[in-house]
Amino acid sequence: MKVCASSSAFMIPLSAFVPIILARSMTVDAFSSPTLKPSSRTGIVLSSEYWTDNESKTNLTWGTSSLSFSSNSSPVEFELDLVDVLQKCAIDRSAKASDVIETLEELEKSLESKPLGSTSIYLKEVDLSTALDGTFELIFSSAVANLPILGNLCGGYMPNKEIITFDLEKKQMSLVVELLPFLPSIDIFGESLALDKDGATLEYVVQGNEKKPPSQWKILYSDVSGEIIAARSSVTGLNVIRRIV
């Protein structure tokens, strides 16, 4: 069944090691005394920036604790807690819905202080044309989390299957919404699909809604291969999608 209507869905590894526990908030330089430094994040964060002068500074955060130290080496950033939450969300839905929403909201906050059109630091190594081209399953949506009944039951994880395809070459979007097993699926199509790489934004016009503003997706996170993507949809809020093709 083909339905030309506004989409009910969105528009849109590195979970490794770090065997260290910090009891207090602190900053530690490899060659200096520790000083207090509270962190606003929850979970584990390992952030490392390498410089051409062979000096690097690494920050490790667990809860409200932070550890910084200098080492030798050249530009990479690790956000272990963020990646861990998004991986658990997308792969086996084991991340708490509240943790997923908090992570997505903090991704957005990281852009608020930047100039209009800025992109997330988590996209700087990503070729968006490659990462976004393909077929994905919608795993999590804040629109579901905000629903009175489903929000309590599902938290934000999709209770049904919704498959979205972005074909940048053909400039088309298609969304298949599967409801109950005995009901036909709903097909939604979008035209004039375009990617603004500088602004990390996808835009398309839903068939039947040509007089309305285009739907937009602000990409907040993608791994290098485009397996897991997080975005803000102008229609349904914060979303996580996982590549299937």
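**Close-up views of a predicted model**

View 1. L147, I149, L150 and L153 together make a nonpolar surface patch of about 400 Å². Patches are built from residues with over 30% relative accessible area and no salt bridge, and nonpolar side chains (Val, Leu, Ile, Met, Phe, Trp, Tyr) are joined within 5 Å. A salt bridge here is a side-chain nitrogen of Lys or Arg within 4 Å of a carboxyl oxygen of Asp or Glu. L150 belongs to helix α5 (residues 150-154). With a relative accessible area of 31%, L150 is partly exposed; buried means under 20%, exposed over 50%, and partly exposed in between (1.4 Å probe, protein chains only).

This is a predicted model, in which local features need pLDDT of at least 70, side-chain atom pairs count only at pLDDT 80 or more, and totals for chains, interfaces and linings use all residues. Residues are numbered from 1 along each chain as its sequence is written, and side-chain values use heavy atoms, leaving out hydrogens and water.

**View 2. The whole chain.** Of the 245 residues, 45% count as buried. The chain exposes about 13000 Å², with carbon and sulfur atoms supplying 57% of it; areas come from the Shrake-Rupley method with a 1.4 Å probe.

**View 3. The barrel.** Eight strands form a closed barrel in the order β4-β5-β6-β7-β8-β9-β10-β11, with antiparallel pairing. From one strand to the next, the twist averages 35 degrees (axes are lines fitted to C-alpha atoms, and angles run from 0 to 180 degrees between N-to-C directions). Two strands pair if DSSP finds at least two bridges between them.

View 4. β7 (residues 186-196) and β8 (residues 201-206) are antiparallel and share five bridges, with E191 opposite V205 in β8. Four residues lie between the strands of this hairpin, where A200 takes a positive phi near 50 degrees. Next, four bridges join β8 to the antiparallel β9 (residues 215-222); T201 has K218 in β9 as its bridge partner.

**View 5. Strands β10 and β11.** Six bridges link β10 (residues 228-233) with β11 (residues 237-243) in the antiparallel sense. A231 has N239 in β11 as its bridge partner.

**View 6. Helix α2.** The 16 residues of α2 (residues 97-112) reach 23 Å from first C-alpha to last, close to the 22 Å expected at 1.5 Å a residue, a span taken as 1.5 Å times one less than the number of residues. Buried residues of α2 include A97, V100, L104 and L111.

Conventions. Helices (H or I, at least four residues) and strands (E, at least two) are DSSP runs, numbered from the N terminus. Patches are made of residues with over 30% relative accessible area and no salt bridge: like charges are joined within 9 Å, nonpolar side chains (Val, Leu, Ile, Met, Phe, Trp, Tyr) within 5 Å.
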